[in-house]
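User: I am new to this structure and would like to learn how to read its features one at a time. Please give the general idea where there is one, then the case here.

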Amino acid sequence: GYSQTGSFLYTYLNAVHPQVTKARGKSLFDGYLIAVSSGPSPINQCAPRIARDDPRRPIQNAGVPVIHIMSQSDYLFGIASRQPDSDSPNDQFRRYEIAGSGHASPDELYWGPKPADLLTAGRAVPPLACNEGPRSRFPNKLAFNAALVWLDQWARNDIAPPHADLIHVVDGQPVLDEHANVIGGLRSPYVDVPTSTWNGNSTGESFCRIAGHEIPFSAEKLKALYPTHSAYVNAVSASVEKLVSQGFLLEADGTEVIQEAQQANVP
């Protein structure tokens with residue numbers, strides 16, 4: 001479940017899943033992946049919203065693997081939903097926060113309904129740009145492709161996924177590195193070998209708040225960071241190798257990232 005459907009799935013997992021499991025003697029589903037949702041939705045449209053400190057919010061003792069993923073657009077707003085990872089047989093849980101990512105990823109622009117179809121349905125076309133410029137092109141698929149493999153291995157073969165640091169927060173604000181990118185979180189070459197500052201939130205119409213945007217580095221900064229194109233490609237390749245070995249990046253996706261770096265005009 002992603003975003004709104006993530007909240008619906010959150011509600012199902014906390015409120016319905018235990019009843020189904022009790023009635024059947026086992027879970028109906030082998031595992032759950034809840035994304036960019038910081039809590040369960042109300043049980044129906046007339047019910048009040050569930051408070052952030054409500055004891056029904058934590059995901060506990062599901063009896064099957066649960067992966068909870070938040071983007072950089074959402075993690076701070078939903079920080080109350082943070083809970084520790086667990087490898088207990090009855091409480092298998094992982095929390096991942098994708099450093100640099102936007103809630104509204106580019107994927108729905110590529111694979112979602114066409115603008116003409118949205119207009120025909122009487123819906124507004126999502127903005128392709130916000131006040132800060134074009135929507136973020138950060139590839140959320142890197143994290144989600146890996147997460148789906150982890151969930152399958154965890155449910156099928158009891159192979160637990162790796163633990164990842166959460167995005168570092170001090171006094172309610174993220175800790176940033178020298179490039180103004182967040183420290184911690186689920187990493188990728190986009191933040192470990194950066195060519196931009198990645199923001200999860202933007203300003204403007206519609207859901208620009210969760211679209212995110214990037215601020216590309218100047219040519220001078222790129223030259224200082226990566227004196228030659230080979231230096232940049234080598235740095236990306238080293239990052240990919242490390243992340244693949246840690247289990248945070250699929251090898252096939254890592255190959256695509258390296259190919260992209262090879263074709264990039266950097267420095």
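User: Is Phe 8 buried, partly exposed or exposed?

Analyst: This is a predicted model, and what follows is computed from it. Buried means under 20% relative accessible area and exposed means over 50%, with partly exposed in between. Phe 8 has 45% relative accessibility, so it counts as partly exposed. Phe 8 is part of helix H1.

User: How do I look for empty space in a model?

Analyst: Rolling a probe the size of a water molecule over the atoms shows where empty space is left. Here the largest pocket has a volume of about 650 Å³. It is lined by 26 residues, and those closest to its centre are Ser 7, Ser 37, Ser 38, Gly 39 and Arg 49.

User: Which helix gives the most to the lining of the largest pocket, and what classes of residue are in that lining?

Analyst: Helix H1, residues 4-24, gives the most, with 3 residues. By class, the lining holds 12 polar, 9 nonpolar and 5 charged residues.

User: How many cavities of 30 Å³ or more are there, and what lines the largest cavity?

Analyst: The count is 1 cavity of 30 Å³ or more. The largest cavity holds about 70 Å³ of space. Its lining includes Ile 98, Phe 138, Pro 139, Arg 187 and Phe 248. The lining divides into 8 nonpolar, 2 polar and 1 charged residue.

User: How can I check the length of helix H7?

Analyst: Compare the expected span with the distance between the end C-alpha atoms. H7 covers residues 229-246, and at 1.5 Å a residue its 18 residues should span 26 Å. Its end C-alpha atoms are 26 Å apart, which agrees.

User: Which residues of H7 are buried, and which are exposed?

Analyst: Tyr 232, Val 233, Val 236, Ser 239, Val 240 and Leu 243 are the buried ones. Seen down the axis of H7, the buried residues fall within an arc of 125 degrees, so they line one face of the helix. On the other side of H7, the exposed residues are Asn 234, Glu 241, Lys 242 and Ser 245.

User: What do the buried residues of H7 pack against?

Analyst: They pack against helix H5 (189-192) and helix H8 (251-263). Just after H7 comes Gly 247, with a positive phi of about 90 degrees.

User: How should I read backbone angles?

Analyst: Most residues other than glycine have a negative phi, and most peptide bonds are trans. Ser 3 has a positive phi, near 60 degrees, and is not glycine. Ser 3 sits in the segment before H1 and counts as partly exposed because its relative accessibility is 24%.

User: Where is Asp 171, and what is its phi?

Analyst: Asp 171 is in the loop between strand E7 (169-170) and strand E8 (173-174). Its phi is positive, about 55 degrees, although Asp 171 is not a glycine. With 78% relative accessibility, Asp 171 counts as exposed.

User: Is the peptide bond from Val 266 to Pro 267 cis or trans?

Analyst: That bond is cis, with omega near 0 degrees. Pro 267 lies in the segment after H8.

Definitions and conventions:
Residues are numbered from 1 along each chain as its sequence is written. This is a predicted model: local features need pLDDT of at least 70, side-chain atom pairs count only at pLDDT 80 or more; totals for chains, interfaces and linings use all residues. Side-chain values use heavy atoms; hydrogens and water are left out. On a 1 Å grid over the protein atoms alone, a cavity is a set of points where a 1.4 Å probe fits but cannot get out, and a pocket is an open set with protein on both sides within 12 Å along at least five of seven lines; lining residues have an atom within 4 Å of a point. Grid points are joined across faces, edges and corners, and a volume is the space filled by probe spheres set on the points. Helices (H or I, at least four residues) and strands (E, at least two) are DSSP runs, numbered from the N terminus. Ala, Val, Leu, Ile, Met, Phe, Trp, Tyr, Cys and Pro count as nonpolar, Asp, Glu, Lys and Arg as charged, and the others, Gly among them, as polar. The expected span of a helix is 1.5 Å times one less than its number of residues. Buried means under 20% relative accessible area, exposed over 50%, partly exposed in between (1.4 Å probe, protein chains only). The arc is that of the directions from the helix axis to the C-beta atoms. Contact means heavy atoms within 4.5 Å.
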